[in-house]
Protein chains: 2
Amino acid sequence: MAKARHSLKDVARRAEVSAATVSRFLNGSLDLPETTRTRIERAVRDLDYHPNPHARRLSLGRSDTIALVIPDIANPFFARLAAAMESHAAQHGKMMTLQATMNRSDRELAALEIAATNLVDGLVFMTNHMPPPEVAQRINRFSRAVLVDEDVRGARMPRLLCDNEMGGFLAGDLLYRNGHRRIAYIGGRADLLSTGARLNGLSRGMMGIAPVRSYGDDHATASGRDLARRFLDERQDETAIFVGSDELTIGVLEVFRARDIRIPDEISIVSFDDVRSLHLMTPAITAVAQPVETIGRRAVEILLKGDWDDSAFGTTTELLPVTLTERGSVRFIGQ
Amino acid sequence: MAKARHSLKDVARRAEVSAATVSRFLNGSLDLPETTRTRIERAVRDLDYHPNPHARRLSLGRSDTIALVIPDIANPFFARLAAAMESHAAQHGKMMTLQATMNRSDRELAALEIAATNLVDGLVFMTNHMPPPEVAQRINRFSRAVLVDEDVRGARMPRLLCDNEMGGFLAGDLLYRNGHRRIAYIGGRADLLSTGARLNGLSRGMMGIAPVRSYGDDHATASGRDLARRFLDERQDETAIFVGSDELTIGVLEVFRARDIRIPDEISIVSFDDVRSLHLMTPAITAVAQPVETIGRRAVEILLKGDWDDSAFGTTTELLPVTLTERGSVRFIGQ
């Protein structure tokens with residue numbers, strides 16, 4: 001795609017309507033007042049705008065597709081979120097195509113390029129690292145996109161996040177009420193919005209007591225194993241850990257089991273996500289759950305029914321509440 | 001797409017070369033001997049073949065995409081398989097787009113339509129039900145497709161399956177050697193290739209002793225709960241169950257835990273897939289594992305390097321070996 005070419009979005013901006021309005025007007029599926037029509041037609045002429053040749057697919061109803069870009073399909077949190085979106089997309093007669101980026105910027109850019117070429121109705125973008133500015137620029141070329149789960153700096157699109165701070169708070173509050181004062185935090189990468197928000201909430205729940213140690217890496221089982229080993233090597237008197245994702249928790253549990261460290265007798269643990277059959281483990285693991293179903297539903301609703309004509313819509317953030325499920329992995333050690 | 005129009009595949013068949021050869025020749029990226037060129041040019045003329053207008057994307061290197069169609073993203077077996085394919089596709093410089101069908105024929109057809117419109121380099125198709133003939137017909141229109149995990153009747157494409165019969169055999173053999181003679185089978189839908197193959201292998205491993213009872217339904221946690229309740233209600237003296245997927249096993253374990261039925265004291269259990277952290281449960285659950293990494297790698301290799309010029313290639317089946325991991329869920333009850 002040549003850079004100099006003007007996009008549908010440029011036409012929309014100049015005509016002071018939404019890109020969807022321009023698109024529907026140009027493919028003949030939308031009647032508009034005379035003044036709006038004139039504005040759009042003039043913008044098309046002024047910018048020498050030529051609709052993308054693939055655009056006919058859209059007007060023929062062949063697209064009806066939402067593009068979902070996620071970091072990692074094998075992570076059950078993303079997999080379940082994708083399934084929830086799929087089911088809500090289906091209820092709106094939409095298909096969904098998914099691309100996994102393995103958290104690599106080159107693949108994020110390629111995935112966005114493919115989604116753009118296939119002229120999807122909307123984009124749901126999720127990442128687990130801090131992508132370079134090019135990614136935000138590509139996202140901004142879509143007429144409708146939602147950033148889910150994590151921030152992308154520079155993207156002018158609505159955000160849909162779980163309340164990470166509240167999740168950290170619920171974990172910290174539970175640990176504090178059970179007498180824990182010296183704890184560790186094993187979370188995601190330090191430059192992520194979610195990592196910091198969970199840590200802030202954790203300290204707030206602990207009445208201002210920050211973790212003795214904090215560890216951060218990818219939300220992956222292998223990282224969980226590595227960080228658990230480092231934690232055990234460096235551990236002094238910490239009585240509990242808050243782990244920022246089930247993926248990390250699985251790795252932590254594997255190391256604890258291998259070293260015969262008993263939960264909650266020797267150490268208490270609270271996980272985050274609650275998508276990994278934690279209820280069937282012994283002990284069952286206490287965890288903060290994200291509202292996966294609701295995130296999936298809201299992402300689709302925002303794309304299809306959001307107020308895209310409002311230019312401030314791209315700066316909104318919607319926070320969804322999380323819940324704590326107490327099981328058997330936190331020990332009471334006094335007030 | 002008008003039905004009467006001839007496809008790239010028709011041209012290839014008439015010219016007696018592969019569709020990829022025609023495609024690369026037509027976009028100028030392949031030099032061919034004079035006789036082959038003449039054959040292709042004549043076939044194009046005879047069939048009045050007009051390349052798909054989207055085809056330029058392919059010749060511009062914009063496609064480089066493999067389409068993956070799976071029944072259920074939330075099922076970790078499919079999610080991990082998708083991740084494995086993603087990583088191998090990346091090694092070949094390919095992107096992958098995934099669509100989940102929720103095992104519905106209408107969505108399978110829509111997913112195939114989208115993949116066809118986006119002119120992917122190849123298709124990997126997985127289903128968990130027996131789709132109607134239209135699905136096979138659509139699959140056959142692709143120049144390169146691989147059926148993974150389960151059969152699609154009528155599709156003339158290579159199959160890549162795990163050795164389900166061997167998996168059943170390993171489970172049956174283990175149970176038999178541990179003295180179990182009266183067992184039950186909780187598997188997938190009865191009309192699936194995999195369900196029958198696992199059952200056959202199970203009986204062979206049990207020295208010809210068929211399960212006292214067989215239950216079948218979707219590979220889903222909710223189905224596992226339902227079938228476990230039915231099994232417990234109808235149970236007489238069965239000492240073990242073989243469960244055809246981890247998804248079903250999770251449901252079974254939930255019901256057993258709720259009714260306080262102890263594994264392996266009261267009943268032994270062997271699962272199939274081994275993707276659900278069974279090693280962290282108490283007791284750790286013995287399971288047959290599919291070679292998820294290898295399936296992912298081979299699917300990509302077959303698409304990109306298979307002998308697609310050989311017309312018999314579409315009838316080949318590749319069986320990948322499975323392995324049994326013994327843990328703590330099978331009790332020895334005598335010879």
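**A tour of helices, chains and charged pairs**

Over all chains the count comes to 46 salt bridges, a salt bridge being a side-chain nitrogen of Lys or Arg within 4 Å of a carboxyl oxygen of Asp or Glu. This is a predicted model, in which local features need pLDDT of at least 70 and side-chain atom pairs count only at pLDDT 80 or more, while totals for chains, interfaces and linings use all residues. Residues are numbered from 1 along each chain as its sequence is written, chains are lettered from A in the order in which they are written, and side-chain values use heavy atoms, with hydrogens and water left out.

Select R138(A) and E113(A) to begin: they form a salt bridge whose closest N and O atoms are 2.6 Å apart. This pair links distant parts of the chain, 25 residues apart, with R138(A) in helix α7 (residues 133-140) of chain A and E113(A) in helix α6 (residues 105-117) of chain A; helices here are DSSP runs of H or I with at least four residues, numbered from the N terminus.

Now show chain A and chain B together, where each chain brings 41 residues to the contact, contact meaning heavy atoms within 4.5 Å. Across this interface there are two salt bridges. Select E86(A) and R107(B), which form a salt bridge with the closest N and O atoms 2.5 Å apart.

Finally, select α5(A) and α12(A), where residues such as F77(A), L81(A) and M85(A) in α5(A) are among those that meet a group in α12(A) including I295(A) and V300(A).

Definitions and conventions: Helices (H or I, at least four residues) and strands (E, at least two) are DSSP runs, numbered from the N terminus.
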